[in-house]
Each structure stands twice: as structure tokens, then as C-alpha cells.
Amino acid sequence: METITLKIKRQERPEAPYYWEDFKVSYTPGMTVTALLTQIQKKPINDRGEATQSVVYENGCCQGACGACTMLINGRPRLACSTIADHLSAPIVLEPLTKFPVIRDLVVDRSRFFNDLIRASSWISSDFNNPDAGLVIPSESIQKSYRELSSCTFCGSCLEACPQYNSRSSFVGAAVIGQIRLIHLLPMGRMEASQRLSIMMEEGGVEDCGHVGNCVKACPEGIDLRSAIARIEREVTVEAVRRLLG
Amino acid sequence: MGEYKIRPYIMTDISEITTFEHDVIIVGAGGAGLRAAIESCHQGLSTGVVCKSLLGKAHTVMAEGGMAAAMGNVDARDNWKIHFRDTMRGGKFLNNWRMAERHAKEAPDRVRELEEWGAVFDRTLSGLISQRNFGGHRYPRLAHVGDRTGLELIRTLQDYAIHQGMKCYMECTALDLLKDGERVSGLVGYFRETGRFVIFKAKAVVFATGGAGKAWQVTSNSWEYTGDGYGMAYEAGADLMDMEFTQFHPTGMVWPPSVRGILVTEGVRGDGGILLNNKGERFMFGYIPPKFAAETADTVEEANRWLAGDKSARRPPELLTRDVVARAINAEVKGGRGSPHGGVFLDIASRVPADVIKKKLPSMYHQFKELAELDITKEPMEVGPTCHYFMGGIRVDPDSQMSTIPGLFACGECSGGMHGANRLGGNSLSDLIVFGRLAGLGAKEYVRSLKNSPRINESQVFSIIKRATSILNREKGTNPYLVHEDLQKVMQDNVGIMRQEEEMKKALIELERIKESVSQVKAEGTSQYNAAWHKALDLRNLLISAEAVTRGALMRQESRGGHARLDYEGERDEWLAYNVVSRKGSDGKMVVEKIKRPEPPEELKKIAYAKIEDLEIGKI
């Protein structure tokens, strides 16, 4: 059986220094990065033959639907469960996402992402048991945009790729703006648009976007986040004018 | 709050442990847990949700096909009675009658409610919620979002639950329940990140913990599916019911090996895909059970007319219930007519235009492109059965969802009864939402009825923590990953799709041996995000689940739905009268017994056994 080398950036605790450790793992064509990491868990022995701690990583659905396993694979943010080792140059370098604090090894703390979704009121606060529910018929084009934006798995790739998203700024990032756009596509969502747009006008809102477009390239679902951001920018402008005119 | 030094572990005072207090604690943040949380919040109860992974990564996110609800949008002949009849027939009449009735009646309202909260289902040309065909459903019935219905549901439910005021404890694993006398008083868990223990004090606990597919080698289930709810409920004295009924989904990926078991949605067949053996034969025509013969096409010509939209044509045999299709594939492979990697072929490429496949089944297209480097619009897929779902689970009251322990509720896959011996595709998402809501309501009724708050028993807390820390503290022991593999192999080899007494007895002996290994399991390192420790803690629950399945399967001497025996072929009428229940005996060993099922109400019985024509014209 062939072997392949994984070079993994490791860190024992949030405040601990990082170090690199290499692992030689058995490999058959078609194996995903997640499958390779599973091998290390079963037999945590590094390439110098020393017993070591199992490498810790996030793992969810294993079919690219949940977005839990995002990490840097050879320098790019990717889903470990959907990345086949065959096409990667060896050694395969695995690092945790750099935009979030490391908890351990490849696991990061994504609380900021969740908190930003909450901060942006990313929900519809309709009445409970509204008899009109489901009666609104979205047009074909709205369905299409909705479908694209709703395929977001909250994997965080767009945030990793964004130069404006970092520990020095409070920018909410493309995924959150995409969710606001998604909600504003629905009549129910538009009813509370003003409140969400207020947040988008604040520091960390849509105006912090630098229009680099890395988010679009990084998105594993191929969501056109750039146009979602442009739409929210326009909504913000219209809202600002509306407020000015009272 | 004190920091824990796990090794050596010295616990001095319970005040060292953080305690969170809520009226209701829900374990699990999939569809059922979130829907229960929404209801509980809406009823004015303080609600906490404990989930093993991050919010939004629960198993529901993987659901592809859709959510069954008799809305009649695509075929107006559909109504709740026909959905109920399909569910009972699919479950081989072992379903809890009341649950199947409520499910069929309430599912359409739950779909509409989701749209109110921001979900958008695919539409028909006239703008109604579209519905797709699925195995065992007489009419197109599954409200869907492409082949990613679960993602839409999870996002909608979690956003709305947060809005309703749910407090979420993420990456937190529940270890065991706490009781005050007979009733529930909360539970102890630990945060995966820090390894810190935590007490959740609650008046009611709702389990929405899913199944235990991880006890098998080939499974569509993710790492979270380790039967935590079964294990904890069992240890606390609750009844588990119908555990012998495990669903093997007929179409999982078989190649490449590292993705074996990953689900290929039934939607592929619902949208026209057919199953072929290595001779190119559409073999399902040879496996139509007599009970379904009257409603299944018996020629390729008729099956094709059905696909073309001819409403007088009968359904193709590829859309028979999952138990039937899984066994057929198993038989083809065993008979030497399988595909190169031990499955059969699932062909949609030659049936449906490429652009339609990409539109209707986008994630299947990407899944095969990325993982198997195969273009499903050009080539057939290779598929085979994969352990997918537990029909059985915690025994609950059909209306309140309360288990046999006061204050402990269960909903979704971890509860039993709704699906009988076999679940229809699409009935799971609707199950989550219908019974999640009922569990929330049930918890409210229970909490309101309490005269005083249950108290936390400190010695219970210490013994739970001691069990967990002993895995870290012992000098040496067994490797949790290898013990898990051992268990998976035993179940795969001996308690699979086709079962027989000899193998199951062997499995029980092997499970005893594994029990010994589990009691000696050792995780290296500290409790700080220690994956081996997490795995080791899951093993007890997996083992309880596996044992309950095996003992139930051994006791039930017939073949029915998801439980098929080589030594007792066919359904036996005498067994229709019983459920098999397992619980922890006074000597600590598992007790299994047959319990008599209640007689169904006349009205429901009439519907379930009616001729389809009589239901369609409203005669019944």
C-alpha cells in the first residue's frame, strides 16, 4: 500500500505555541483528506515513529453539506471531507483557519461568525401560526437567487479568504451579508429590513467590504457573494436616503 | 469557577461545576430538537439546547429528498388518509396508530409553518409548493428544496429558534441523566473544547439525539450518531422499543472505499433513475412483494409511462419501500450479478436530460463528481445498502412524547413507534417537525403540572464524572478507536440486512467481550479537546444500542420491514400483536420482553386496510 505525508500545524491549547508534525499514512487513490486524518486518529504515530496525541479536527456530514470541516489545505480554505488527496501535491499541508482563534490543532472557535449572524438578526420574526404562511408565491427569479444564497453551509471559507475580515476589524463578512440578502428576498423578511440595514450601516457593516472578490473564488458552493453584497449596499443607500428625507 | 486538573482527578466540591438552569433542556439540535426548542420557548419556558457539534451541523442537514406531507399540490387526489395508509403499509402495520395518524394529519401545517419562518420550498409551475415522488408514497408528496431539503430546514429552524430565545450550548456532550426519585432533574455533560463538566438543571429533558448507525461499518450516519439518547435513557430506566428494526438504505455509495456508505438520495429513483445488475437487467421487477403487486408496474413499458406522467400507470418497482429494495440489491450482489465494487448500478443518465439532473439533483451531481470522479449525467452510479435509520427507539406516549420516565421526553429518530417496522423516505423530516412540536408541548404540560422543582443529587453527579474521568485516569487500557472498529465489524457481519439465530447469538457473545474492552478503555492525554476521550465516552451508548438491536432481532422470529431473518422468512401474524421492549434489569443486565400492542381504533384500521380507490373517491 502507498503512503502519503501529511504536514500538520498543531497547537495543544489556545494559548500554546504552534508546531509542525509530519505523519506518513497509508493511502489508496480516492481517499479524502478526512479519511487520511481518520488514519492518524486510529494510530497516532508521527513520521519519526514516535507515539503522539491524535490530531484533532472538525468533522460533520462527510458529504459537503454541513461546512464543519473547513481548514487550510495546501494553503487554501477547503472542506476536508470533499477534497480528494489524489490531486494535491505532497506533502499535504494542513493548517487551521487563520481568521478564528485556534482551540486545538485544526479546530477553531467560530463564535464570532455565529454572533455576527445573531447581531444581524438573520431570521424572520413572524408571528407564530400565521394563517397566511406559505401563500406568498415567489417569482422564478427570486427563487433562483434564493436557492443560490440558501446553499450556504456556513463553512467560513469566504471569511478566511477576505482581507477585510480579521481580528483588527469588526467586519461581518460575506456569508452574513449573503444571509441578509437571502432574508430580504422574502416579503416577510423585508418587513424588518430597516433594522438589519441599520446594522449594515454601522462599523463592521457592508461598507467595510473592500470589493476584492476573494469570497466568490473561495466559496465551495460557488455563490455569487459579490452581487449579494452589491445588492445590500444599494439597499443601504436607499435606506439612508429614505431616512434623510424622513 | 475552578479549573479542572484531570490527572490526578480529585473532586472536592460540587460548586466547582458550573450549573445552568432551565425549565426544559433539549439534547440535540437537529430538526426535532430545534422544533421542540421553538415550541418550548413559544410556550414561555426557559429553554436550553445542548448539542454535540456546532449549531447547524446536525444530521438533519444531510437530509436530501424532502419532507412528506399530503398537501395534494401536485396530485389533488392525495389526502392525509392516503398518507396514513402508505405509512402503515410501509411500516408493515407495526406503527403506533396514533402517531402515524397525527403525523399524516399535521405534516402539511408544519410545512407551511416552515415557509412562514423563512424556508422556501421548490415550486410547481403554478407557484404552489412542489412535491416529489418517493418510495412507498402513492402520490408525489415530498416538499423539497432541490436535493438539499435538510440544509434549508436546519437554517430556518435554528434562526427562528434563536429569535424565539433558545439558549444554545454548542460542542457539549450529554453524559447521563440526573433523577430526583423517579423523575428527571437534569443531566451532566461536558464541553468538548475544554473537557469541563457541566450540570444542566431542568424540570424536563427532551431527547432529540438521533440514532446509532455508527455501530455498523457501512453507514450513512455521521460521527454524532452513537445512540447517546438510547444509552442515557436505558441507564436511567426507560424502555427502548422496536430496536430490531434498522433501516438499510438501498442506495449508498460503494466506491471509493473512503466514502463507502454515504447516501445517494432516493430522489434519484423518484426522478426516474433505475436499478440495473451487471447483466443490464432491471432486476426490481423480480422482487415485487405480493402485497404491493396490485399497485406496482409489472412491465418496463408501464413503468416508463408512469415516469412520463401517465396517471393511470402504476409506479415502477424501483420505488418500492426501502426494505424491499435493499434486500433485492443484497440478493443481486450475493448472486454474483453485482457491479465491480460490490453494488449495483443506478442509472439516471440514460433516462433524464443532463440539465434536468443538474437542476433537480445538484448535490448528487457534485457528490459523485468530487468524491468518485464520475459524471452522473453520463454514467451510471454504483450503489449498495448502507445502515441509515433506526425505526425503534425510546418508548413514548404518542401524544405527549413522554417516555416511561416522568419528565423525560423523546422525539425524532431517537423515539420509537411512528415508523413501525420500516420508515418511508420523506417521513423522517416530517416526523422531526410534527413530533418535535409535540414534545415541546408535552414538556410544557408536564412542567406546569409539577408541584415542586426536582432537586439535583450530588452523588449521582460524582458517579457520572467518575465514570468519564476513569478513562483518562487509568494507567493503560484498550484503544477506543480499535474497540469501535471491533464493534462495527461484529454488527456488520452478524446483525446486518439478513439475520439468523446462529450469527446473532455469536454477536451477543462478541458484544460481551467488547463490553469488557469498553470497561478498560483508555484515552491518552488530558480532557482538553481530546478526540480519543470523546470517542471512548461514546462507546457505552453504541454498545447498549447494538445489544438492544441484537436481542430484539433474536427475539422477533419473523421477517418484517427492516428486520429480515433467513431462518424465519415472511411476516408472521402472531408477531403483529407485539412490540419488543428492552430495559435495564435489576441485576444491571438487559431485559427483553414482548409487550402486547393496543388494539387500533376501528376508524383508523378501516383506513389502513382500505382499497386505494375507496380512499381516492372519499368513500372512506
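The model is a predicted one, so to keep in mind: local features need pLDDT of at least 70, side-chain atom pairs count only at pLDDT 80 or more, and totals for chains, interfaces and linings use all residues. Residues are numbered from 1 along each chain as its sequence is written, chains are lettered from A and ligands numbered from 1 in the order in which they are written, and side-chain values use heavy atoms, with hydrogens and water left out.

Chain A splits into domain 1 (2-108) and domain 2 (111-245), with bounds that come from an automatic or database domain assignment. The C-alpha centres of these two domains of chain A sit 31 Å apart. Contact here means heavy atoms within 4.5 Å; on that basis, twelve residues of domain 1 of chain A touch 13 residues of domain 2 of chain A. Together the two domains of chain A bury about 990 Å², with 55% of that on carbon and sulfur atoms (buried area being the accessible area, with a 1.4 Å probe, that two parts lose on being put together, summed over both). On the domain 1 side of chain A, Pro77(A), Lys99(A) and Phe100(A) lose the most area to domain 2 of chain A, together 55% of what that side buries.

Chain B is divided into domain 1 (17-247 + 389-449), domain 2 (252-387) and domain 3 (458-590). Between the C-alpha centres of domain 1 and domain 2 of chain B there are 28 Å, and 32 residues of domain 1 of chain B contact 30 residues of domain 2 of chain B. About 2500 Å² is buried between these two domains of chain B, carbon and sulfur atoms giving 46%. Glu64(B), Asp147(B) and Val218(B) supply 23% of the area that domain 1 of chain B buries against domain 2 of chain B, more than any other three residues. Five salt bridges cross the interface of domain 1 and domain 2 of chain B. Asp271(B) and Arg132(B) also pair through their side chains in a salt bridge (3.4 Å, N to O).

Moving on to the two chains, 61 residues from chain A and 57 residues from chain B make the contact. Chain A and chain B bury about 4900 Å² between them, 55% of it on carbon and sulfur atoms. Three salt bridges are counted between chain A and chain B. Glu485(B) forms a salt bridge with Lys42(A), with the closest N and O atoms 2.8 Å apart. Another 20 residue pairs, counted as polar contacts with both at pLDDT 80 or more, link chain A and chain B. By class, the side of chain A that touches chain B has 29 nonpolar, 23 polar and nine charged residues.

Two residues of chain B round out the picture. Ser222(B) lies in the loop between strand E9 (197-207) and helix H5 (228-235) of chain B, and is buried at a relative accessible area of 6% (buried means under 20%, exposed over 50%, partly exposed in between, with a 1.4 Å probe and protein chains only). Beyond neighbours within four places in sequence, Ser222(B) contacts Gly60(A), Cys61(A), His59(B), Met62(B) and Lys214(B). Ala532(B), in helix H16 (residues 531-555) of chain B, is buried too, at 9%. Not counting residues up to four places away in sequence, Ala532(B) touches Ser54(A), Pro480(B), Tyr481(B) and Ala523(B).

Technical notes. Salt bridge = Lys/Arg side-chain N within 4 Å of Asp/Glu carboxyl O. Polar contact = N/O pair within 3.5 Å; in protein donor to acceptor, adjacent residues only side chain to side chain. Nonpolar A, V, L, I, M, F, W, Y, C, P; charged D, E, K, R; others polar. Helix = DSSP H or I, 4+ residues; strand = E, 2+ residues; numbered from the N terminus.
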